[in-house]
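The sequence and structure come first.

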Amino acid sequence: MHPLIAVLLITALVFALALLWLEARHRLRPASPLQLGSGAWKVKQKSDHLVVAKGTVQIRNPHPRMEVFVPELHLEPKLLGRGDLSALTVTTRVTPQHPDEQARPDGYWFAYIVKGRKTTQAELSVRISAPDGTDLRALLDTLWLEICWVHYGPFGRLQRRDGLLVPLRRPAPAQPQSANWRQGDRCAVLPIRTHLLGSLDDPAEVLRHYAGAVIQSGDVLTIGETPLAVMQGRYNHPANLEPSSLARLLCRVFHPTSSLATACGLQTLIDNVGPARVLCAWLLGTTLKLVGSKGWFYRLAGEQARLIDDVTGTTPPYDQTIVLGPSDSAQVCRQLATELGVAVAVVDVNDLGRVKVLASSPGCDEALLERALRPNPAGNANERTPLVLVRP
């Protein structure tokens, strides 16, 4: 064998082994199996000066054998409103609803063990009160509830911070007689206002509730990729991430405005597609960039590399989190189109006239969407119009 060929083969073997080691180290890192989910929430106006929001969260352990302790769980509520909220008083209460242990009457969260393939839950309550003379209903808009809890087990002690958005008020659905249509390029466009969306919302129900009265055959109903992603729960607080050495090193090569230019932003991509793919995409992308062919990192690293929004990349309160792109967009579009009877598309639009159709239902006129959405009728600020109805 020619010595040069032997050197190349050995180099390739060493590189492959290094990639295997990198991937194995990533997959075998300490992690907790616990999963947090939420049930339905109810918001009640008890009086002119008191609003109470109640709901439940479930803690599930899908691991067949591992037992995980939950020694701490508390709430940090944050109100988003339409004015100065400093006079309001917010109190919280967590009531364990364990299947085998009764809650303490004093409200203390005692350390609890979630055994393998078991589930427990807790009732969460948030009371919002205002002094006399305050128009509480006019002030309140959204409750952002951060659930801070600790996982303790064979992996060590991990602190988790999960956010849950509870709407405190909702705008009226769009109506044919009051709809404010805008004229576009051989089409009409209707931005549709909703409440601030979150993981408690079902996409089909949101589209049906807010747009159901105005849609008609031949329309195309679009939804922004970020609102769909947050309804799917695809956001994460940076406190839950532990950036690897690869993330800390590689994030420095991206443009400062990129969502991959921080260790946590890049770690989010690594957790999604794996460190080996990210490293190979960077090496090949950099090589091809040197010969004049750009954009290959994002093609090789996968769709999420372009769709991740780092901290400050989305509207409050999600500006404190890292938001991924939506999952299974094409399947979501097909299901929504079947339920609503009109074409549905997931889009990414900005103020620079860039329109990207991530996915659409069969038969959707994407050229129509390009023309209609180029002026960005949904806006990029705090318009809260994640739905845009396009009529040819």
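The notes below go through these topics in turn.

This is a predicted model, in which local features need pLDDT of at least 70 and side-chain atom pairs count only at pLDDT 80 or more, while totals for chains, interfaces and linings use all residues. Residues are numbered from 1 along each chain as its sequence is written, and side-chain values use heavy atoms, with hydrogens and water left out. Helices (H or I, at least four residues) and strands (E, at least two) are DSSP runs, numbered from the N terminus.

**Helix α6**

- Buried means under 20% relative accessible area, exposed means over 50%, and partly exposed lies in between (1.4 Å probe, protein chains only).
- The buried residues of α6 are Ala263, Cys264, Gly265, Leu266, Gln267, Thr268, Leu269 and Ile270.
- Their cover includes α1 (3-27), α5 (245-250), α7 (275-290), α8 (296-301), α9 (304-307) and β14 (322-323).
- Gly274 follows α6 and has a positive phi, near 100 degrees.

**Salt bridges**

- The structure holds 14 salt bridges, each defined as a side-chain nitrogen of Lys or Arg within 4 Å of a carboxyl oxygen of Asp or Glu.
- Within helix α1, Arg27 and Glu23 lie 4 residues apart, about one turn of the helix, and their side chains form a salt bridge at 3.2 Å, N to O. An α-helix has 3.6 residues a turn, so residues three or four places apart point the same way.
- Arg27 is exposed, with a relative accessible area of 61%, whereas Glu23 is buried, at 15%.
- Arg161 and Glu76 form another salt bridge, with their closest N and O atoms 2.4 Å apart. Arg161 is in strand β9 (residues 156-167) and Glu76 in strand β4 (residues 73-81), so this pair ties together parts 85 residues apart in sequence.
- Arg161 is partly exposed at 22% relative accessibility, and Glu76 is partly exposed at 28%.
- Glu76, Glu146 and Arg161 are linked in a network of salt bridges.
- Arg384 and Asp141 meet in a salt bridge at 2.7 Å, N to O. Arg384 sits in the loop between α11 (366-373) and β17 (387-391) and Asp141 in strand β8 (residues 140-153), so the pair connects parts 243 residues apart in sequence.
- Both Arg384 and Asp141 are buried.

**An open sheet**

- An open sheet is formed by 4 strands in the order β1-β2-β7-β5, with antiparallel pairing. Its edge strands, β1 (35-47) and β5 (89-96), each pair on one side only.
- Two strands count as paired if DSSP finds at least two bridges between them. Strands β2 (residues 50-61) and β7 (residues 118-129) pair over 12 bridges in the antiparallel sense.
- Ala53 has Val126 in β7 as its bridge partner.

**Tyr318**

- Tyr318 lies in the loop between α9 and β14 and is buried, with a relative accessible area of 3%.
- Leaving aside residues up to four places away in sequence, Tyr318 touches Trp144, Leu165, Leu197, Gly198, Val230, Tyr235 and Val323; contact means heavy atoms within 4.5 Å.
- A polar atom of the Tyr318 side chain lies 2.7 Å from the backbone oxygen of Leu197.
- Tyr318 and Phe254 are 64 residues apart in sequence and 23 Å apart in space, C-alpha to C-alpha.

Definitions and conventions:
A polar contact is a pair of N or O atoms within 3.5 Å; within protein, one must be able to donate a hydrogen and the other to accept it, and residues adjacent in sequence count only if both atoms are side-chain atoms.
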